[in-house]
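Hello,

Here is the structure we talked about handing over. My notes on it follow below; please read them with the model open.

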Amino acid sequence: MNAAPESKSARPVIRMMVLTATALCVGAAASFAAIAFVELVSALNAAFLVAPRARVQWERLPWLITLATLLVPTLGGLGVGLLHRHLSPQRRPLGPPDVICAVQFHRPLPDTRSGLVSTLTAILSLGTGASVGQYGPMVYLGALFGGAVRQVRSGVPNLDGIAISCGVAAAIATAFNAPIAGLVFAHEVVLRHYATQAFAPVTVASATGYVIANVIFERPALFLVEFPGVAHGYEFGLFALLGVLVALAAIGFMRLVLACGPWVAGLISHPALRPGAAGLAVGLTALALPDVLGIGTETLRFATIEGAFGQGELIVLILAKIVLTALCIGAGFSGGVFSPALLIGSLIGALFWALASGVGGIATSGVAVYAIGAMMAFASAVIGAPLTCILIVFELTRNYDITIAAMVAVVFSNLVSHRLFGRSLFDIQLARRGMDFSKGRDRAHLAVLPVTDLLSDAAITIGPEDPPGKVDARLADAGWRQAFALDAEGRLAGVYSPSEGRTPATLIFEDDTSLADAMERMRGFVGDAVPVVTREGGRYLGAVAEADIVSAWLDHVARTREEENAAL
Amino acid sequence: MPRFSLVLLALLLGAPLGAQDLAVATWGGAYEAAQRKSIFTPYTEATGQAVTAVQYDGTVAALRARAGHEGWDVIDMLSDQARVACAEGLLLPLDAQALARGPDAMEDFSPHAATRCAMPQNVYARVLAYDERAFPGVKPTRIEGFFDTARFPGKRAVQRGPDGILEWALLAEGVPPEQVYGLLSTDRGLRLAFRKLDSIRDDIVWWNDPAEPAHMLAERRAVMAEGFNGRFFDMAARGAAPVDIVWDGRIIGTEVWAIPATTDRAQAARDFLSFALRPSSMARFSELIPYGPTRRSAFAQIGLNPATGVPMRVHLPNAPQHGGRALIRDSAWNANTRDLRQRRFEAWLKQDE
């Protein structure tokens, strides 16, 4: 918990070199890995008849298509379940929450083997058509390369977190062909501060990803859209309304994702069988509604074309995609929520447009801007990154007018979902693991530090039989004003002071009290130290001195300040 | 000297030994004339081997029915037809490395890859052309204009079949070229494409023979036409009609050389192929007719048309200087979805009545 002492860190020139080398190496590795990931998934999609372009070429054998639709996701899910069960020490897919946790608390990532298995199962999940996203696993894959830098002793403070962020930024920059969005995503979601020390290498890594994706592999922009501009001023009001509605849908989606895990666990006791069951559900739905299979690149494009879907069709597809995505993630398929969020959002946008222009009779500037606005608004509510989403629109569509329109939908969506649900799905998942970022980074950091770390056994305790005169002398010797009275079983009975005699303790901490709680509860407390007891049984463990709590807090503030303001 | 005597021998013996000529099945017309001048004659001069051209309609059915008893040795095909024929065992497998000469040669062919039985030989494009006389003011510059009868009124000449027009329909809906085949692979995509086709239903004049669309423009039977770039070039170059090509939305297809499995002169056929696949042969061919070479190195050798003096590079569909959208024809996809598209196309035609 100590601030990184200046004496231990390397000279600025060395630090600069280490940071640049880290950014270049991690950025390049993450970028190549992201490209390989995408290519593998698309090869599997073609081989397993998940991609429409592959399915249509076997159209003269309808039984083969039906069989593949049912079996591929089911067997894929079974494979995912078994791989997690038998090869992964963590036994679950890893994703952005694990990355955020590692960077925020300066911890190592979960073990590399689990990370690799998680990447493998993500490729399998996406390749066999599960309704999950590809960007979450890619973020983790990028982070995995950054995490490897932790092994290097470099003398650069905060290097591990910066390296992980570099990997994340490069993966996003490559996957979306969007270097600015990659850079902002790493800061907005993972680092959550903008120190130059981190900003510079993350930018370099993001640019590296861009160079590799764009110059070496010449990948086109993902979502080119032609849009001449918003035709009517009042449409910005519609974009805001759309943002609010999309946020409500996104909240429903996130609640369902969170609820599905326990629900599936209650239904199927064997964890390895759960993804297979979810896969079967996807396959059965896909027989009638092939759009739900996989990432849905085609469906995403259709949402921007007027009249591609009927209104009834849209409603069914939106509901099916929400339920199946929640089911797949809850059942343990390895994959993210971002791509499904894009798809669901764009379909909601298309539905909103159809209602506004068709039923409402309002003149609009076409479906594309509504689909894209809603797509990013939904995704932004889910990943809690409005800036990233606005920039992704810009870099994906290369269209300024559409970006401005989407921006309005994104902020209104974020406003509502942050107020009613939380900053993001990741943050709520982390909060459920006891890491609550809703009141800021510093609160979250202090909340995971137990006061028991600061316990001192120097405090004076007295048993039931100790005579008061002797106690007064011991207190005077040690320079304490209070002693803690224990009963025969070692439980705290009260506080003894020479002036007031024995009184009940005014403030007691339990063994699970965090530093953040302690700071709040100590407001108005007078005394040397606060006794700490076990929550069960009330056994006395020791006491924490008020001064120790304050210095721990000061150390923490200093460290955070240093991290957030470091220039190099 | 030996070359000269061989030619002499061929000239002397050519007529009586007609059966020993290498029979090349190809398309006829200006296309065959260009092949004769740029490839067949130089080949005969170089080797003494006479070449006879046989015309056919480009279908696998014709290959199946005629190749054996007419003694075809080499065949010029569309790449997707070659794919089907190869799968049926109608063509001999080829060793691309040996035919193209040298390990770097494969790189030179990119992005037109050799397949198991076929070597890419030239590149053509299905393009939009219009009659300059019909649009003295604003002229169509994009594929969207083909479906916009309000801005560009008049008849449209379209091939009576599902090739090309469905791709255009989606391009006109704003779908980027990379996604066109993915979207056309779904039922929804086909429905959208036919919906777009509905918007010009009353303005379509159909054609079946690739020579027709250029004539339809010249004779003012249509103001815009879907057709092959060579035919339109020909019409304009002869000064017959002011026909202009819109390169946006061009669908680039590949023409290939292959060897029918029924030939009894496989080695002679392979010799011919390796001559035809030289960059210099390709460049000579592209100078005569605006079909692009499949080897990048051939571009540097393309100059003026020997008869008209027209610089030919700008008229080639894959000329590096063209802007706009270009769709590379996916021949595997085209071959495997032909039945489905034909079925849907006929169903759409019937809605008319």
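**Domains of chain B**

In chain B, the C-alpha centres of domain 1 and domain 2 are 31 Å apart. The model is a predicted one: local features need pLDDT of at least 70, side-chain atom pairs count only at pLDDT 80 or more, and totals for chains, interfaces and linings use all residues. Residues are numbered from 1 along each chain as its sequence is written, while chains are lettered from A and ligands numbered from 1 in the order in which they are written.

Domain 1 of chain B is assigned to 2–117 + 259–277, and domain 2 of chain B to 124–252 + 323–351. Such bounds come from an automatic or database domain assignment. Where the two meet, 8 residues from domain 1 of chain B and 8 residues from domain 2 of chain B take part in the contact. Two residues are in contact if their C-beta atoms, placed from the backbone, lie within 7 Å.

On the side of domain 1 of chain B that touches domain 2 of chain B, two or more residues come from each of helix H2 (29–47) and helix H4 (79–87) of chain B. Helices (H or I, at least four residues) and strands (E, at least two) are DSSP runs, numbered from the N terminus. H4(B) gives the most to this side, with 4 residues. By class, this side of domain 1 of chain B has 4 nonpolar, 2 polar and 2 charged residues. Here Ala, Val, Leu, Ile, Met, Phe, Trp, Tyr, Cys and Pro count as nonpolar, Asp, Glu, Lys and Arg as charged, and the others, Gly among them, as polar.

**Between the chains**

**The CBS region of chain A**

An unreviewed UniProt entry places the feature "domain: CBS" at residues 501–559 of chain A. UniProt positions are given in the numbering used here, feature names are shortened, and annotations may be inferred rather than shown by experiment. Residues 501–559 of chain A are 36% helix and 27% strand, with the end C-alpha atoms 41 Å apart.

A:Val532 sits in strand S6 (residues 529–533) of chain A. A:Val532 is buried because 25 other C-beta atoms lie within 10 Å. A residue is buried if 20 or more other C-beta atoms lie within 10 Å of its own, exposed if 12 or fewer, and partly exposed in between, with C-beta atoms placed from the backbone. Not counting residues up to four places away in sequence, the residues that A:Val532 touches include A:Val451, A:Leu455, A:Phe509 and A:Val544. From A:Val532 to A:Leu492, 40 residues away in sequence, the C-alpha distance is 8.9 Å.

A:Asp517 belongs to helix H21 (residues 515–521) of chain A. A:Asp517 is partly exposed, with 16 other C-beta atoms within 10 Å.

**Positive phi in chain A**

A:His106 is not a glycine, yet its phi is positive, near 50 degrees. A:His106 lies in the loop between helix H4 (96–104) and helix H5 (112–127) of chain A. A:Arg398, also not a glycine, has a positive phi of about 50 degrees, and is placed in the loop between helix H16 (386–397) and helix H17 (400–420) of chain A.

Regards
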